[in-house]
Amino acid sequence: MRPEGRVRRRSRSAATGVLVGLTLLAGCTSASPRPAPVDPGVPGGGFRLVAFDSCAEALAGLRTAARAYVGPWGFGGSVRADMAGGGREAVTAERAAPGAAAPDPPAFSGTNTHEAGVDEPDLVKTDGRRIVTVGGGVLHVVDPATRRVTGRLDLGTSTDDPARWADASLLLHGDRALVLVPEPWAARPVGIVPGRPGPTTPLPEGTPTGPRLVLVDLAGQPRVVSDFRVDGGLVDARQVGATARVVVRSAPRLDFPSVDQGSNDERLAANQAVIDRAPIEDWLPRWAVTDDGRTSTGSVDCGQVTRPATYSGTSMVTLFSFDLAATTLGAGSPVTVVADGDTVYSNGANLYIASDQRWRLLPTLQERDRDPKPEDQRTEIYQFDTTGPDRPRYVTATSVPGWLINQYAMSEWNGHLRVATTSGRDWGARPKSTSSVYVLRADGGTLRETGRVTGLGPGERIYAVRFVAGTGYVVTFRETDPLYTVDLRDPDRPKVLGELKIPGYSAYLHPVSDSRLLGIGQDATEEGRRQGTQVSLFDVGDLARPTRLAQHHVRNGNSEAEFDPHAFLYWPAARLVVVPLTTYDPGRRGAPDAGALALRVSDDGFSPVGTVRHSASTPDIHGTGVIRRSLVVGDVLWTVSDSGLQANNLSTLDTLGWVPTT
């Protein structure tokens with residue numbers, strides 16, 4: 001995971017480290033990387049949190065902890081493995097404008113999300129009456145009825161800025177959109193005046209240059225209502241109703257000297273001296289919010305910071321809460337854990353932030369057959385109560401052995417959190433990895449293990465997980481794809497019921513009925529060599545004997561849905577599956593063939609409907625015409641690329657219209 005935070009003279013400033021603790025703030029926060037040890041004084045792996053008595057005590061503790069983690073090149077190893085992170089179809093929408101009577105919108109598909117009722121940010125949203133997209137630094141509003149752009153808002157990045165093309169994402173509530181802009185766009189110290197289309201006044205010295213959150217009013221021409229920014233890096237966000245929860249990680253802003261002079265001992269001493277001189281303000285994350293052309297700033301109150309018995313002093317992760325129906329984003333009522341954060345899962349009532357320690361494997365990876373240490377193979381999990389719209393309540397924290405593949409490796413059901421992880425070395429000539437499912441009771445105060453299933457996929461790692469009520473589906477892979485079915489109905493006695501071995505693997509699993517499971521991934525030879533995209537239909541009616549009923553294979557194909565489930569669409573009314581698809585011909589030169597594959601799903605197989613392609617005369621910004629997303633409004637299938645949106649008949653895929661956005 002990249003180090004976050006401002007670096008004045010060197011990019012390795014203050015990044016990797018994980019502390020464990022909690023902060024209830026009046027300002028804001030973020031985070032960065034490093035491990036958080038389990039407090040042995042708390043049974044079941046929970047963390048004991050202690051408040052600092054004063055700012056002086058906080059400064060002394062943070063300095064001491066950070067001193068122990070700093071090295072000749074800054075904080076620890078600054079390299080971590082970033083991991084790629086089903087769905088629901090919404091059929092209702094907010095009113096187009098408060099107080100205005102409006103006809104019911106047509107049926108429409110929502111973002112493919114992990115849990116029903118808990119929305120996730122994505123590059124396109126619809127409420128049936130409008131389609132909102134963000135790309136290339138510009139927000140567009142499209143009327144699906146007239147198939148025209150009805151609104152455009154430049155988010156304030158220069159046209160020659162490469163960071164302009166970084167992926168931003170959206171959350172939608174009524175006539176409001178929250179645009180989440182990752183760190184690269186936010187680096188320009190420019191303020192936004194609400195109601196105006198672009199950058200205006202420079203922000204004050206010391207304003208955070210991390211991610212931006214832009215609240216946009218969509219009634220009429222889009223306009224900025226409120227602009228919020230914070231130190232650190234954007235992790236993820238979730239939305240229930242009008243409340244958006246945004247997770248950010250940050251690091252202390254320390255000015256370490258250049259690394260090209262002196263011995264290791266001399267550089268270490270110089271870095272420790274920087275820590276010894278740093279004021280408490282260098283650890284406290286800052287925030288700034290712009291409303292009506294006026295910018296107000298603030299930072300975390302050190303008197304509200306709490307910490308565990310042991311911590312590293314190098315990173316924080318913050319959970320912000322924003323009311324999308326309000327007139328301003330405000331300070332976000334943040335709650336901060338002095339720790340790292342990589343993966344976010346929420347079922348609405350609870351939100352979990354997980355931090356794995358995979359970055360600590362860097363020395364191990366340098367020796368092909370060296371086994372990682374047990375303490376380097378753990379994932380910390382922090383639980384927050386998000387039942388109300390206001391500030392979340394920190395509940396507890398725990399850790400489990402191994403690492404997560406993505407948010408789908410966590411799921412809460414009937415008061416229990418299920419977590420699937422892989423432990424051990426899955427590389428080298430004789431891999432020793434294995435995967436497990438842990439069941440933890442979430443009783444409102446602790447997370448305590450009640451049961452576990454171990455020994456899944458020896459020598460392999462997890463490629464996909466899906467929990468559906470009391471059943472878990474786990475895919476591991478190295479050469480073949482075992483699909484395991486796990487009975488989790490008794491949290492004290494989970495057990496494996498069935499196993500199916502087939503070539504290749506599924507990277508994303510999606511339930512299409514009580515007895516059918518759809519997987520998208522890669523076909524492979526018996527030696528594990530990938531052969532192209534495959535879509536599989538599994539019969540899981542008998543969990544003891546799962547079978548694959550059908551496979552659709554596209555040789556030399558790849559799909560974004562294999563690593564980003566937001567790119568996957570299943571429309572139950574038409575039993576239609578749509579995924580982006582790019583194919584390469586290894587024997588020919590030139591651009592790959594890009595489109596969106598549409599399949600009709602029956603109880604026993606697939607019927608190809610066709611492939612949607614965007615016109616070659618309207619390529620995206622990369623010149624490839626790659627389709628990123630698809631959605632349904634009424635009887636129209638919409639596909640989205642960086643160059644525009646295309647409308648196709650849902651049944652025949654005949655082209656109905658093209659809406660350019662470039």
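Which residues touch the most other members in the largest nonpolar core? Keep that in mind while you get set up.

This is a predicted model, where local features need pLDDT of at least 70, side-chain atom pairs count only at pLDDT 80 or more, and totals for chains, interfaces and linings use all residues. Residues are numbered from 1 along each chain as its sequence is written, and side-chain values use heavy atoms, with hydrogens and water left out.

**Stop 1: the whole chain**

Show the cartoon first. The protein chain has four helices and 46 strands; these are DSSP runs numbered from the N terminus, with helices being H or I of at least four residues and strands E of at least two. Of its 662 residues, 59% count as buried. Here, buried means under 20% relative accessible area, exposed means over 50%, and partly exposed is in between (1.4 Å probe, protein chains only).

**Stop 2: the largest core**

Now for the opening question. Select Tyr352, Ile381, Met410, Leu417, Val419 and Val465: of the 27 residues in the largest nonpolar core, these touch the most other members. Such a core is a set of buried Ala, Val, Leu, Ile, Met, Phe, Trp, Tyr and Cys residues joined through side-chain atoms within 4.5 Å. Strands that each supply at least two residues of this core include S23 (350–356), S27 (416–423) and S28 (434–442). S28 gives the most, with five residues.

Click on Leu417 next. Leaving out residues up to four places away in sequence, Leu417 touches Tyr345, Tyr352, Ile381, Met410, Ser411, Glu412, Tyr438, Val439 and Leu440. Contact means heavy atoms within 4.5 Å. Another core lies apart from this one, and its 20 residues include Tyr508, Ile520, Ala550 and Val554.

**Stop 3: Arg441**

Stay with strand S28 and pick Arg441, which sits in that strand. Is Arg441 buried or partly exposed? With a relative accessible area of 46%, Arg441 is partly exposed. Not counting residues up to four places away in sequence, Arg441 touches Gly415, His416, Thr446, Leu447, Arg448 and Thr450. Try the distance tool on Arg441 and Gly451: they are ten residues apart in sequence and 9.3 Å apart in space, C-alpha to C-alpha.

**Stop 4: helix H1**

Select residues 55–69, which make up helix H1. (The expected span is 1.5 Å times one less than the number of residues.) Colour Ala58, Leu59, Gly61, Leu62, Ala65 and Ala66, which are buried in H1. An α-helix has 3.6 residues a turn, so residues three or four places apart point the same way. What covers the buried residues of H1 includes strand S3 (70–71), strand S4 (74–75) and helix H3 (264–277).

**Stop 5: a hairpin and a buried aspartate**

Jump to strand S7 (residues 138–143) and strand S8 (residues 148–154), which run antiparallel and are joined by six bridges. Two strands pair if DSSP finds at least two bridges between them. Asp143 stands opposite Arg148 in S8. This hairpin has four residues between the strands, and Arg147 takes a positive phi near 55°.

Next, find Asp217 in strand S13 (residues 212–217). At 11% relative accessibility, Asp217 counts as buried. The C-alpha atoms of Asp217 and Thr327 are separated by 9.6 Å, although the two are 110 residues apart along the chain.

**Stop 6: the four-strand sheet**

Finish with an open sheet of four strands in the order S43-S44-S45-S46, paired antiparallel. Strand S43 (627–633) and strand S46 (655–660) are at the edges with a single partner strand each, so one side of each has no neighbour in the sheet. Six bridges join S43 to strand S44 (residues 636–641), and Ile627 stands opposite Ser641 in S44.

Now select Leu653, in the loop between strand S45 (644–649) and S46. Leu653 has a positive phi of about 70° although it is not a glycine. Is Leu653 buried or exposed? Leu653 is buried, with a relative accessible area of 11%.
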